[in-house]
Amino acid sequence: QDVAFINLIQRFWLEEECPLESVHSVFNYNDVMMLDHLDKHMRYDADRKKYCVSFFFLDNNMLLCNNFSMAEARQKQLERNLLKKGEHYFQAYSQVMEKTINDFSRELTPDEISQTQYCFYNPHFFVERPDSSSTPLRSVIDPAAKTPTGFLLNNTLYPGPKSQNCIATILIRARMGKIFVSSDISKCFNCIEIDNLSSQYQ
């Protein structure tokens with residue numbers, strides 16, 4: 001009788017349990033290819049304390065073209081927008097950019113501009129976060145900027161599998177225990193850099 005009762009209780013909890021979605025529940029062919037690519041090409045540079053990866057392109061990456069003129073125009077427009085908000089905005093953003101260059105998150109455009117057909121310059125824009133004490137003014141890369149051919153970098157890369165749990169799963173799991181701990185990784189994306197083979201598209 002005790003065994004039957006225990007089995008009954010177990011069935012009850014199985015039926016009442018909230019299903020928690022797994023991040024890795026379903027992988028399609030492209031997801032598997034992307035994970036295999038990362039497994040083969042991602043490495044950790046202990047000296048610079050950064051992970052190094054290469055882009056995993058779809059078959060249409062050759063549809064990108066050299067977009068230097070567009071990126072240069074976007075840079076000049078950005079400078080005008082910053083100056084309209086005040087000289088202190090311009091100086092603050094310059095300091096942000098200088099810091100990203102010093103920590104090797106970005107690099108200056110070389111004096112001799114590459115005239116190769118396949119070369120992508122990422123434009124950037126600023127985002128204000130007055131409530132943030134660490135990054136009140138941030139520089140954000142814009143890989144969704146279209147090239148003269150009408151294509152953009154985002155559309156030529158495998159997106160890879162979803163790496164985040166859905167928000168509903170997170171909220172349900174947070175209510176299942178007595179203590180909930182939340183944390184953040186400061187400047188997480190700055191800890192990843194692109195290798196030389198893919199850098200012409202960065």
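**Chat about the model**

Colleague: Let me start with a residue I clicked on: is Tyr44 buried, partly exposed or exposed?
Modeller: Tyr44 has a relative accessibility of 44%, so it counts as partly exposed. Bear in mind that this is a predicted model.

Colleague: And which ring does Tyr44 pair with?
Modeller: Tyr44 forms an aromatic pair with Tyr51. The centres are 4.8 Å apart and the planes make an angle of 55°, a tilted arrangement. Tyr51 is partly exposed as well, at 40% relative accessibility.

Colleague: How many aromatic pairs are there in the whole structure?
Modeller: The search finds 5. Another of interest joins Tyr93 and Phe126, with ring centres 6.3 Å apart.

Colleague: What kind of geometry is that one, and why?
Modeller: The planes of Tyr93 and Phe126 are at 70°, and over 60 counts as edge-to-face, so that is the label this pair gets.

Colleague: Staying with H4, how do the axes of H3 and H4 cross?
Modeller: Helix H3 covers residues 68–85 and helix H4 covers 87–102; their axes come within 5 Å and cross at roughly 130°. That angle makes H3 oblique to H4.

Colleague: Which residues meet there?
Modeller: From H3 you have Leu78, Glu79, Leu82, Leu83 and Lys85. On the H4 side they meet Glu87, His88, Tyr89, Phe90 and Tyr93.

Colleague: Changing topic, what is the confidence like?
Modeller: The mean pLDDT of the protein chain is 78, with 86% of the residues at 70 or more. Confidence is highest in H3, at a mean of 90, and lowest in helix H1, residues 2–16, at 68.

Colleague: What about the overall layout of helices and strands?
Modeller: The protein chain has 5 helices and 5 strands. Along the sequence the pattern is α-α-β-β-α-α-β-β-α-β.

Colleague: How much of the chain is buried?
Modeller: Of its 202 residues, 27% count as buried. As for contacts between residues at least 6 apart in sequence, 68% join residues at least 24 apart.

Colleague: Can we look at the end of the chain? Where is Ser198 found?
Modeller: Ser198 is in the segment after strand S5, which spans 192–194. At 4% relative accessibility, Ser198 counts as buried.

Colleague: What does Ser198 touch?
Modeller: Leaving out residues up to four places away in sequence, Ser198 touches Ser54 and Phe55. Ser198 also lies 9.7 Å from Phe57, C-alpha to C-alpha, although the two are 141 residues apart in sequence.

Colleague: Now the loop between S4 and H5: is Pro159 buried or exposed?
Modeller: Pro159, in that loop, counts as exposed, with 78% relative accessibility. In space, Pro159 and Met34 are 8.1 Å apart, C-alpha to C-alpha, while 125 residues separate them in sequence.

Colleague: And where does Ala144 lie?
Modeller: Ala144 lies in the loop between strand S4 (137–141) and helix H5 (167–174). Its relative accessible area is 43%, so Ala144 is partly exposed.

Colleague: Which residues is Ala144 in contact with?
Modeller: Setting aside neighbours within four places in sequence, Ala144 is in contact with Leu152 and Asn154. Pro123 is 21 residues from Ala144 in sequence and 9.3 Å away in space, C-alpha to C-alpha.

Colleague: Great, thanks for the tour!

Methods: Residues are numbered from 1 along each chain as its sequence is written. This is a predicted model: local features need pLDDT of at least 70, side-chain atom pairs count only at pLDDT 80 or more; totals for chains, interfaces and linings use all residues. Side-chain values use heavy atoms; hydrogens and water are left out. Axes are lines fitted to C-alpha atoms, for helices over the stretch in contact, and angles run from 0 to 180 degrees between N-to-C directions. Helices (H or I, at least four residues) and strands (E, at least two) are DSSP runs, numbered from the N terminus. Angles under 35 degrees count as roughly parallel, over 145 as roughly antiparallel, 65 to 115 as roughly perpendicular and the rest as oblique. Contact means heavy atoms within 4.5 Å. pLDDT is the predictor's confidence in each residue, from 0 to 100. Rings of Phe, Tyr and Trp (its six-membered ring) pair if their centres lie within 6.5 Å; planes under 30 degrees apart count as stacked, over 60 as edge-to-face and the rest as tilted. Buried means under 20% relative accessible area, exposed over 50%, partly exposed in between (1.4 Å probe, protein chains only).
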